[in-house]
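This report describes one protein chain for a reader who is new to structural analysis. Please keep the sequence and the three-dimensional view at hand while reading.

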Amino acid sequence: ATGKIYQNFQFVFSFKFRDLNTLNCSINLSNLILVFYPYLRSALEHLWKIPEGLLFIFDGLDEFKGRIDFADNCTELQHKCPDPDVRCKVSDIVYSLIQHKLLPGCSVLVTTRP
């Protein structure tokens with residue numbers, strides 16, 4: 001409440017996996033953000049230049065219908081989404097953000113139930 005904990009972040013994007021389940025098509029990160037934050041259209045290009053100031057919160061991984069595999073020995077290749085304007089599956093966008101393949105320097109927080 002005092003504004004001290006997350007003062008390093010210029011923008012915090014919060015997504016619920018329950019809502020992301022409704023997106024059954026390929027989408028890029030830019031358009032994904034605009035679906036939930038349409039008023040940021042003119043600011044996105046600037047935001048991509050300072051990924052260290054961005055926090056992505058993905059809530060409810062246990063509710064996600066897509067597949068995100070972080071195992072080193074997984075046989076199925078997880079696709080990478082290297083750029084905010086490249087169309088990918090939502091699961092690939094989340095994976096790429098977490099692995100810092102997309103917007104290196106940004107912070108990602110994922111919540112789930114046990």
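Thr22 is exposed, with 58% relative accessible area; here, exposed means over 50%, buried means under 20%, and partly exposed lies in between, for a 1.4 Å probe and protein chains only. Thr22 sits in the loop between helix 1 and helix 2. Helices (H or I, at least four residues) and strands (E, at least two) are DSSP runs numbered from the N terminus.

The model is a predicted one, in which local features need pLDDT of at least 70 and side-chain atom pairs count only at pLDDT 80 or more, while totals for chains, interfaces and linings use all residues. Residues are numbered from 1 along each chain as its sequence is written, and side-chain values use heavy atoms, with hydrogens and water left out.

## Overall composition

The protein chain contains four helices and three strands. Read from the N terminus, the order of these elements is β-α-α-α-β-α-β. Of the 114 residues in the chain, 39% are buried. The chain exposes about 7,200 Å², and carbon and sulfur atoms supply 51% of that area; the areas come from the Shrake-Rupley method with a 1.4 Å probe, and for residues only the protein chains shown count as cover.

Contacts (heavy atoms within 4.5 Å) also describe the fold. Among those between residues at least 6 apart in sequence, 66% join residues at least 24 apart.

The buried residues are Val90, Ser91, Asp92, Ile93, Val94, Tyr95, Ser96 and Leu97. They pack against helix 1 (17–20), helix 2 (29–36), strand 2 (54–59) and strand 3.

Most residues other than glycine have a negative phi. His100, however, has a positive phi near 60 degrees, and Leu103 has a positive phi of about 55 degrees. As to accessibility, His100 is partly exposed at 38%, whereas Leu103 is buried at 6%.

## Cysteines and the disulfide

How many disulfides does the structure hold? It holds one. This disulfide joins Cys81 to Cys88, with an S to S distance of 2.5 Å. The link of Cys81 and Cys88 is right-handed, with 95 degrees about the S-S bond.

| Cysteine | Relative accessible area | Class |
|---|---|---|
| Cys25 | 46% | partly exposed |
| Cys81 | 0% | buried |
| Cys88 | 7% | buried |
| Cys106 | 2% | buried |

## The largest pocket

Rolling a probe the size of a water molecule over the atoms shows where empty space is left. On a 1 Å grid over the protein atoms alone, a pocket is an open set of points where a 1.4 Å probe fits, with protein on both sides within 12 Å along at least five of seven lines, and lining residues have an atom within 4 Å of a point. Grid points are joined across faces, edges and corners, and a volume is the space filled by probe spheres set on the points.

The largest pocket holds about 150 Å³ of space. Its lining consists of Leu20, Asn21, Leu23, Asn24, Cys25, Ser26, Phe64, Lys65, Gly66, Lys89, Val90 and Ser91. By class, five of these residues are nonpolar, five polar and two charged. In this scheme Ala, Val, Leu, Ile, Met, Phe, Trp, Tyr, Cys and Pro count as nonpolar, Asp, Glu, Lys and Arg as charged, and the others, Gly among them, as polar.

Asn24 is in the loop between helix 1 and helix 2 and is exposed at 71%. Asn24 and Val90 are 66 residues apart in sequence, with their C-alpha atoms 8.6 Å apart in space.

Lys65 belongs to the loop between strand 2 and helix 4 and is exposed, at 73%. Its C-alpha atom is separated by 8.4 Å from that of Arg18, 47 residues away along the chain. Between Lys65 and Thr22, 43 residues apart in sequence, the C-alpha to C-alpha distance is 9.6 Å.

Terms used:
Disulfide = S-S within 2.5 Å.
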